[in-house]
Amino acid sequence: MVTPIDVRQINGVDWYEEADPVKRAWRLSLVTYGTCVYWLNGDKQIMKKGELLVIPAGVPFYAKSIPTVTHTQIVVEWTEDVSRALPVLGREDVLKHKPGCYELLLERMKGIHQQWQERPSYYAMMIEALLTEVLIYISRELDRGAIPPEKHLHAERMKSYIERHYREKITKEELGDAIGKTPNYAAALFKSVTGQTISQYVHAQRMKRAAYLLTESQLTVQEIAVFLGYQDLSYFYRTYKRVMGTAPSDLLHERPRTI
């Protein structure tokens with residue numbers, strides 16, 4: 001069991017931090033923008049967007065921003081009992097890792113931060129569940145072994161293609177062409193690296209855009225659905241609720257008032 005003791009989002013160009021020996025806490029840091037530096041047992045680790053660090057309890061470190069370079073990271077600290085069923089918690093050394101399932105981890109880390117900030121009922125249990133899920137995803141990748149740089153590169157190229165065409169119907173044939181591989185190879189590689197199918201990833205990108213439009217635009221839900229490629233409004237509703245956990249209409253009250 002993991003027990004959260006601190007969650008925060010760090011950003012800026014003047015951050016500095018040292019390990020607190022009194023806490024005896026595990027630490028997970030996911031860099032979401034820019035670059036920062038950690039020193040762990042005297043070793044320098046340059047952390048870039050999309051990379052994470054898992055620091056076991058008791059490992060000394062200090063870390064800071066790179067001068068004039070802005071960065072952001074989400075940090076979770078927790079204590080745990082003696083049961084270490086997950087490989088990532090069985091380590092005594094620091095883990096630096098570039099996860100293929102970065103987007104999945106990012107959404108859950110954002111959820112952890114939101115729960116910590118808002119403190120709704122049972123927030124600690126929700127954080128524990130989300131953090132456990134994050135640690136499971138990391139452990140699964142450790143079980144499979146390091147993802148070769150070439151596969152990371154192919155996956156990033158496919159993500160870039162999806163980001164440019166997410167409103168359209170995207171096929172594995174198109175993604176195969178984007179990386180110069182067969183359609184089946186492209187689909188299998190994408191799933192193995194990201195932890196999501198092509199369809200799941202496309203829907204997730206569309207739903208992120210939908211959430212933005214629901215709060216920042218004056219478009220109706222139906223207009224947003226059509227804009228994102230959904231002609232069937234009920235299908236859009238079901239997909240949004242499955243991906244985001246709420247109904248699209250729940251965000252409408254957050255829209256800025258028009259004069």
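Five strands line up in an open, antiparallel sheet in the order S1-S8-S3-S6-S9. Strands here are DSSP runs of E with at least two residues, helices are runs of H or I with at least four, and both are numbered from the N terminus; two strands pair if DSSP finds at least two bridges between them. The whole picture comes from a predicted model, in which local features need pLDDT of at least 70 and side-chain atom pairs count only at pLDDT 80 or more, while totals for chains, interfaces and linings use all residues. Residues are numbered from 1 along each chain as its sequence is written, and side-chain values use heavy atoms, with hydrogens and water left out.

At the edges of this sheet stand S1 (2–12) and S9 (95–97), each with a single partner strand, so one side of each has no neighbour in the sheet. Direction ignored, neighbouring strands are turned by 15 degrees against each other on average; the axes behind such angles are lines fitted to C-alpha atoms, for helices over the stretch in contact, and angles run from 0 to 180 degrees between N-to-C directions. Helix H2 (residues 123–144) packs on the sheet and touches S1, S3 (26–33), S6, S8 (71–80) and S9, where contact means heavy atoms within 4.5 Å. The direction of H2 makes about 80 degrees with that of S1.

Leu53 in S6 is the bridge partner of Ser29, and Lys96 in S9 is the bridge partner of Leu53. Val54, for its part, stands opposite Leu95 in S9. As for the side chains of S6, Leu52 and Val54 point one way, Leu53 and Ile55 point the other way, and all are buried. Buried means under 20% relative accessible area, exposed means over 50%, and partly exposed is in between, with a 1.4 Å probe and protein chains only.

Another open sheet is built from four strands in the order S2-S7-S4-S5, with antiparallel pairing. Its edges are S2 and S5 (43–48), each with a single partner strand, so one side of each is left without a neighbour in the sheet. In this sheet, too, neighbouring strands are turned by 15 degrees against each other on average, direction ignored.

Val13 turns up in the loop between S1 and S2 (16–18). Val13 is partly exposed, with a relative accessible area of 41%. Setting aside neighbours within four places in sequence, Val13 is in contact with Ser65, Thr68, Val69 and Thr70.

Then there are the aromatics. Rings of Phe, Tyr and Trp (its six-membered ring) pair if their centres lie within 6.5 Å; planes under 30 degrees apart count as stacked, over 60 as edge-to-face and the rest as tilted. By this rule the count comes to eleven aromatic pairs. Trp26 and Trp78 form a stacked one, at 6.1 Å centre to centre and with 25 degrees between the planes. Trp26 lies in S3 and Trp78 in S8, so this pair ties together parts that are 52 residues apart in sequence. Trp26 counts as buried at 3% relative accessibility, and Trp78 counts as buried at 0%.

Trp116 and Tyr123 go edge-to-face, at 6.2 Å centre to centre and 75 degrees between the planes. Trp116 is buried, with a relative accessible area of 13%, whereas Tyr123 is partly exposed at 24%. Arg119 lies over the face of Trp116, 4.2 Å from the ring centre; a charge sits over a ring if NZ of Lys or CZ of Arg is within 6 Å of the ring centre and within 35 degrees of the ring normal. Likewise, the charged end of Arg167 sits over the ring of Phe227, 3.8 Å from its centre. Ring pairs also link Tyr230, Tyr235, Phe236, Tyr237 and Tyr240 into a cluster.
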